[in-house]
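This briefing covers strand pairing and aromatic contacts in one protein model. The model is predicted.

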Amino acid sequence: MASPAEELDVDGVAVRLSSPDKIYYPKLGADGGTKRHLVEYYRTVARNGALLGAVFDRPTHLQRFPDGVEGEEIYQKRVPAKRPDHVESCEVTFPSGRKADVLRVRSAANIVWAANLGNITFHPWAVRCPDVDHPDELRIDLDPQPGTGFDDARAVALDVLRPLLDELGLIGYPKTSGGRGLHVYLRIEPRWDFIEVRRAGIALAREIERRSGDRATTSWWKEERGERIFLDFNQNARDKTIASAYSARKTPIATVSTPVTWEELVDVHPDDFTIATVPALLEKRGDPMATMGDVAQSLDVLLEMAERDTANGLGDLPYPPNYPKMPGEPKRVQPSRDRDRK
């Protein structure tokens, strides 16, 4: 029999918690893996400002597992038409040209409401409502490929990316992905569109690749990546999202995508950060991303790098397969199937 629903007070807003004893993380069981544990985690990191700071006023997609992480996954882009009055929406335009109303996170109650729907991970856009065409974040995704892992991503971040950012006069904020990867965010002025921000991201990724000693790659096609860290430049394209800071993940131990300082990155492990451990960590040392919004940085230096790459014959790179053919984009065909290359 399902446990009875409850009503939570979230900063004065009543939010329903249904089936609180339902198991969401079977490996953790009733002592740490119930829906109540997940919702209470989200209520804590929303009310203390950490998660709310990461997603506030951003159009946000939901990665839902209503029957727990071993059940069906629902990746929900559109906000439900039937929703409480406190839940707002924001209109976005997808690469296809279609428009949709997406969750606009404005309060801790919004976060807890989404968690009650079985949302495990929040996926915010790199823009804020209502200006949804000009990102205020450039996101660097260091994605380990088969044969590599978190230690390899960390080495590229510390040995290559951080010194490069220092050289360019840019400030990056790292976080674990909650899995094997790493994300580094740059807060930027919202005066460039998605195409320009993606172009700047490609220029930065190419320079990381050049300096990495063959440890990192910008190769879009998996068959060309080898045992290297993939620098996923397309995370800066329209409608591409990354798990937010302080989002739980669908891992068996309920890991959390967690901001760390560059100094902490030296010896952390992704499994250190879970829904059980992150609230105490925040209480102890605060949020390393709390100051990220203090400075909105310019992309000029990266766009100058992009111009130099273009002059040297390095043009655009492929977009994701759900995009229409973009101006200046190379052929979107797997190299082994490209007859013109044979």
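The points below take the sheet, then the aromatic pairs, then the charges over rings.

**Sheet**
- Five strands form an open sheet with mixed pairing, in the order β9-β10-β8-β12-β11.
- Its edges are β9 (173-176) and β11 (216-217), each of which pairs on one side only.
- β9 runs antiparallel to β10 (residues 182-187), and four bridges join the two strands.
- Within this pairing, P174 lies opposite V184 of β10.

**Aromatic pairs**
- The model has eight aromatic pairs, counting rings whose centres lie within 6.5 Å.
- One of them is F94 with W125, a tilted pair with 6.5 Å centre to centre and 45° between the planes.
- F94 sits in the loop between β5 (88-93) and β6 (99-104), and W125 in the loop between β7 (119-124) and β8 (137-144), so the pair ties together parts that are 31 residues apart in sequence.
- F94 is buried at 6% relative accessible area, and W125 is buried at 1%.
- Y319 and Y323 also form a tilted pair, because their ring planes meet at 40°, with the centres 5.3 Å apart.
- Y319 is buried at 4% relative accessibility, and Y323 is buried at 7%.
- Y41, Y42 and F122 are linked into a cluster by ring pairs.

**Charges over rings**
- The charged end of K77 is placed over the ring of F94, 5.1 Å from the ring centre; F94 is also the partner of W125 in the tilted pair.
- R225 has its charged end over the ring of F230, at 3.7 Å from the centre of that ring.

Key:
Residues are numbered from 1 along each chain as its sequence is written. This is a predicted model: local features need pLDDT of at least 70, side-chain atom pairs count only at pLDDT 80 or more; totals for chains, interfaces and linings use all residues. Side-chain values use heavy atoms; hydrogens and water are left out. Two strands pair if DSSP finds at least two bridges between them. Rings of Phe, Tyr and Trp (its six-membered ring) pair if their centres lie within 6.5 Å; planes under 30 degrees apart count as stacked, over 60 as edge-to-face and the rest as tilted. Buried means under 20% relative accessible area, exposed over 50%, partly exposed in between (1.4 Å probe, protein chains only). A charge sits over a ring if NZ of Lys or CZ of Arg is within 6 Å of the ring centre and within 35 degrees of the ring normal.
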